[in-house]
Amino acid sequence: MATAVNPYLIFNGNCEEAFLFYQSVFGGEFPYIGRFNEMPEGEEGCGAPVSEKDANRIMHVSLPIGNTILMGSDSSEQSGDVTFGGNFSISINVDSAAEGDRIFNGLSAGGTVYMPMAKTFWGAYFGMFKDKFDVSWMVNFDENQAG
């Protein structure tokens, strides 16, 4: 798999509704849809325990559309509501952990790291940050597909 860049949309509690709408237009299936209450307690990088308000919100969903994957999640009490213009990230999927580190370290220089590159409970090597130009990025190496 070559490096891929995908849009990542963040919603204030209506991610599931939005993605069901997108699915009705584009077709296809969700390879993964997870809720905040499915995160293991104390998972590094996942922050505080999930509130009752956030429990059924979408932690992550993906919908393949051609060669692109539209991804999304809901905001949480911990992250706060998003506003128009601040409700998306650019997600980069890479071929190796080393490539993930290179891109993460390069793009995050002078920015704000929210989640350093680390192994996650969903089987990826993943990190999040905002670059020095205030653009949000996610870097992901899917270890389950490495081979």
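1. At 53% relative accessibility, Arg102 counts as exposed, where exposed means over 50% relative accessible area, buried under 20% and partly exposed in between, with a 1.4 Å probe and protein chains only. Its side chain meets that of Glu99 in a salt bridge at 2.9 Å, N to O, a salt bridge being a side-chain nitrogen of Lys or Arg within 4 Å of a carboxyl oxygen of Asp or Glu. Glu99, with a relative accessible area of 24%, is partly exposed, and both residues lie in helix α2 (residues 97–108), three residues apart, about one turn of the helix.

2. On the basis of these values: this is a predicted model, in which local features need pLDDT of at least 70 and side-chain atom pairs count only at pLDDT 80 or more, while totals for chains, interfaces and linings use all residues. Residues are numbered from 1 along each chain as its sequence is written, and side-chain values use heavy atoms, with hydrogens and water left out.

3. The structure holds four salt bridges, and one of them joins the side chains of Glu16 and Arg35 at 2.9 Å, N to O. Because Glu16 lies in helix α1 and Arg35 in strand β2, this pair ties together parts that are 19 residues apart in sequence. Helices (H or I, at least four residues) and strands (E, at least two) are DSSP runs, numbered from the N terminus.

4. Eight strands form an open sheet with mixed pairing, in the order β2-β3-β4-β1-β5-β8-β7-β6, two strands being paired if DSSP finds at least two bridges between them. At the edges stand β2 (32–35) and β6 (112–119), each with a single partner strand, so one side of each is left without a neighbour in the sheet.

5. Within this sheet, β1 is joined to β5 (residues 88–93) by six bridges in the antiparallel sense, and to β4 by four bridges in the parallel sense. Leu9 stands opposite Phe88 in β5 and also opposite Gly72 in β4.

6. Asp131, in the loop between β7 (124–130) and β8 (136–142), deserves a separate remark. Asp131 is buried yet has no salt bridge, and the nearest side chain of opposite charge, Lys132, is 8.6 Å away; here Lys and Arg count as positive and Asp and Glu as negative, with His and the chain ends not counted. The side chain of Asp131 does make a polar contact with that of Trp137 at 2.9 Å, a polar contact being a pair of N or O atoms within 3.5 Å, of which, within protein, one must be able to donate a hydrogen and the other to accept it, and residues adjacent in sequence count only if both atoms are side-chain atoms.
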